[in-house]
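Subject: A structure for you to look at

Hi there,

Here is the structure I promised to pass on to you. Please open it beside this email, and then read on for what I found in it.

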Amino acid sequence: MKLVVGTLSTWSLRAHLCSQIAGIKLDLIPINLEAKGYKAEVLKYSPTGLVPVLLVDDGVVHDSLAITEYLNECSNGALYPKNQSERAQARSLCMEMHSGFMNLRGQCGFTFDPVAPLDNLSDALKKEIERIETIFAQAKGPFMFDQAGAVDAFYAILAFRLKAYGVSLDGKAGEYQQSLLG
């Protein structure tokens with residue numbers, strides 16, 4: 001299998017982390033999303049023109065959530081808890097990450113470059129950070145559940161983004177944030 005990823009694409013990072021956690025070796029096809037004409041290159045592989053996209057023998061799996069589910073099936077359930085209730089909670093948390101935190105994403109772009117710490121947070125951004133703190137405080141230990149999984153892959157990128165902007169969570173949420181960065 002081959003995973004088409006984009007530079008500075010947090011969703012590409014999440015899919016790649018999931019493959020690593022699931023123990024599935026993928027050949028990476030990186031595309032520089034800052035290069036002129038990158039969209040034409042992405043469209044060679046992706047019907048949506050977006051990354052990541054997983055190339056499999058009999059087709060294409062696009063979108064990080066679909067890729068995560070596919071990798072989970074290929075690994076006999078390695079990405080989600082075995083317990084049905086915990087598995088449903090894990091999927092809910094992944095989907096919340098996938099569709100939420102728009103203020104944080106909009107105001108705190110992902111980068112490896114140094115950025116100024118956040119100051120004068122809007123009420124909307126404060127509310128999202130409080131929600132993240134609530135989620136992180138639920139972690140059983142160094143992982144959200146008993147072992148590393150999709151939730152940890154999805155939120156590790158967020159933990160990095162928060163730290164880059166000078167946001168360190170407190171208490172149990174802070175411990176989980178640090179374990180994701182470790």
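Let's begin with Asp63: is this residue buried, partly exposed or exposed? Asp63 counts as partly exposed because its relative accessibility is 32%, and the range for that class lies between 20% and 50%. Please keep in mind that this is a predicted model. You will find Asp63 in the loop between E4 and H3. For background, most residues other than glycine have a negative phi, and most peptide bonds are trans.

Phe101 is another residue to check here. Its phi is also a positive value, near 60°, and Phe101 is not a glycine either. Phe101 sits in the loop that links helix H4 (84–99) with helix H5 (102–107). Is Phe101 buried or exposed? Phe101 counts as buried, because its relative accessibility is 6% and the limit for buried is under 20%.

Now for a peptide bond. The bond that leads from Val51 to Pro52 is cis, and its omega is near 5°. Pro52 belongs to the loop between H2 and E3.

Some of these residues come up again at the largest pocket. How much space lies in that pocket? The answer is about 280 Å³. The pocket is lined by 15 residues, and those closest to its centre are Trp11, Leu50, Val51, Pro52 and Asp63. Helix H2 (residues 38–43) gives the largest share of the lining, with three residues.

Next, the sheet. In general, strands of a sheet pair through backbone hydrogen bonds, either parallel or antiparallel. In your structure, four strands make an open sheet with mixed pairing, and their order is E2-E1-E3-E4. Which strands stand at the edges? They are strand E2 (27–31) and strand E4 (59–62); each has a single partner strand, so one side of each has no neighbour in the sheet. On average, neighbouring strands in this sheet are turned by 20° against each other, direction ignored.

E3 covers residues 53–56 and pairs with E4 in the antiparallel sense, over four bridges. E3 and E4 form a hairpin, with two residues between them. Across this pair, Leu54 stands opposite Val61 in E4. E3 also runs antiparallel to E1, and three bridges join these two strands. Here Val4 is the residue that stands opposite Val53 in E3.

Helix H1 (residues 10–22) lies across strand E1 (2–6) and E2, and H1 runs at about 150° to E1.

Ile67 is buried, with a relative accessible area of 0%. Which residues does Ile67 touch, if we leave out those up to four places away in sequence? They are Leu3, Ala15, Pro52, Val53, Leu54 and Val61. For a sense of distance, the C-alpha atoms of Ile67 and Ile31 are separated by 18 Å, and these residues are 36 residues apart along the chain.

The other is Asn72, found in helix H3 (residues 64–74). Asn72 counts as buried because its relative accessible area is 7%, under the 20% limit. Where do the polar atoms of this side chain lie? A polar atom of the Asn72 side chain is 2.9 Å from the backbone nitrogen of Leu79. The backbone nitrogen of Ala78 lies 3.4 Å from a polar atom of the Asn72 side chain. Not counting residues up to four places away in sequence, Asn72 touches Gly77, Ala78, Leu79, Tyr80 and Arg91.

Best wishes

Technical notes
Residues numbered from 1 in each chain as written. Predicted model: local features only at pLDDT ≥ 70, side-chain atom pairs only at ≥ 80, totals over all residues. Heavy atoms only, no water. Pairing = 2+ DSSP bridges. Axes fitted to C-alpha atoms, helices over the stretch in contact; angles between N-to-C directions. Contact = heavy atoms within 4.5 Å. Buried < 20%, exposed > 50% of the residue type's maximum accessible area, 1.4 Å probe, protein only. Polar contact = N/O pair within 3.5 Å; in protein donor to acceptor, adjacent residues only side chain to side chain. 1 Å grid on protein atoms, 1.4 Å probe; cavity = no way out; pocket = protein on both sides within 12 Å on 5 of 7 lines; lining within 4 Å. Points joined across faces, edges and corners; volume = space filled by probe spheres on them.
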